[in-house]
Amino acid sequence: MKKIKFQRATGTHDILPFDQKYFKKVSDILDDVAEFYGFGKLDTPIIEEAELFVKGVGADTDIAQKEMYALKTKGGDHLVLRPEGTAPIVRAYIEHGMMNRPQPIRLYYFGPFFRYERPQAGRYRQFWQYGLEVFGEDNPIADAQLIQIFYGILADLKIENVSIEINSIGDKECRPAYRKVLVKYLKSKASSLCVDCKKRVKENPLRVLDCKQEKCQKIKEEAPQMIDHLCLQCHQHFKKVLEYLDEIELPYHLSPHLVRGLDYYNRTVFEFFTTGPEGKSLALGGGGRYDGLVKLIGGKDVPAIGGAFGVERIIQIIKGGDFKEQKKPKERIFLAQLGDMGRKKTLGMVEEFRKAKISVSESFGKDSLKIQMARAAKVGAKYTLIVGQKEALDESVIIRDMDTGKQDTVKIVDATAEVKKRLKDQ
Ligand code: HAM
């Protein structure tokens, strides 16, 4: 057959009419989940200043060094096609003064990204991501809840065999000491590292742990682990994240060498995998905490956490899957908690209500019941469910009718059914 003159650029793909429905389904599910959890959509431009990523993602990363599509405008601006979504969202968060509003602020996006990578199955040069970002929340429950939300999205998409890999990479207090130990180890193995990693040992040794070359993978296996070098604060933060994940019974694996390929992360990092079409492990998405990024890009010292999924990879898995139209939840209830035990119990309850398609909101990061009740009134909740220390011990919950002020106590296992019944009886 004669070769056609024009073909799409290497590593890009057309989204044909047949495939549009998959993109729509994924974006619809994301819109619903985002709305449920209070994320606002923020679309940033496809082009951004190159410096945003050099600074944000890190000058020594593969993205900044070799994967950006760069252009210089007639006016002399150095722009790039955005290689990822977090740095642009942080830029917009600062630029639109969102740091000065009440926190946390939750934002999400769904759009195309560009990386000059070697194309292969599931890897493109233009690909779509959907991402969730949470600003102004340093409580470890935010880490656990974000992982839970991503896991819930994969469950909604009926994607099976999902594994969650999780690690803590510490912070600027404890990472330098670990870096020294790691460099010492890597230097002792230098002759067996790939050419790129030989350079990385000097410039950015943690990147060696992210190298996909087989010989470097072997060296990685024996490498010292960050988790053994965490400072007290990072250790406690990570312990809490795992406790919350245990509480909601999410099946995670500790992955002591998971570092992720971008420099802005600290503390919790995670990735989601499933089995791809050829039986190979496929990374569906990943993310983590990036508490220093807002400040690095010119804003205040605001903690943040987020993650993103690769849409093509998701679609690859679900093509042919069974979708049912999702109905939007109608009624709103508010979940309030007191103390750590109460918080743990309510985290699991959110999922029960989501499954029952009953709309709930919460302020997990807040400790004061007064503030939480004010928030419940503000969102117009019909019922507020309160789990204090005593209730948590009894596995029970107080249901407060926000109109009459009447309160009843029921067992947590019965709470969803009871609320459903009350909402139906009205
Ligand atoms: P990332 O791990 O570079 O993280 O990308 C997230 C996901 O996007 C990957 O797990 C993969 O599914 C998909 N992806 C990445 N590159 C490609 C490609 N070349 N072709 C197809 N799919 C791809 C980030 O980008 C971070 N910004 C995530 C984040 C958000 N962290 C905090 N907030």
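Okay, quick housekeeping. Residues count from 1 along each chain as its sequence is written, and side-chain values use heavy atoms, with hydrogens and water left out. Because the model is predicted, local features need pLDDT of at least 70 and side-chain atom pairs count only at pLDDT 80 or more, while totals for chains, interfaces and linings use all residues.

Let's start with the backbone. Most residues other than glycine have a negative phi, and most peptide bonds are trans. Now look at Q103 and P104: the peptide bond joining them is cis, with omega about 0 degrees. P104 sits in the loop between α4 (86-95) and β5 (105-114). Helices (H or I, at least four residues) and strands (E, at least two) are DSSP runs, by the way, numbered from the N terminus.

Next, two lysines. K158 isn't a glycine, yet its phi is positive, about 60 degrees. You'll find K158 in the loop between α5 (140-156) and β7 (163-168). K357 isn't a glycine either, and its phi is positive too, near 60 degrees. That one is in the loop between α12 (339-355) and β13 (359-362).

So, how accessible are they? Buried means under 20% relative accessible area, exposed over 50%, and partly exposed in between (1.4 Å probe, protein chains only). K158 is partly exposed because its value is 48%, and K357 is partly exposed at 44%.

Last stop, S255, in the loop between β8 (252-254) and β9 (266-275). Is S255 buried or exposed? Its relative accessible area is 17%, so S255 is buried. Skipping neighbours within four places in sequence, S255 is in contact with E165, I166 and N167, where contact means heavy atoms within 4.5 Å.
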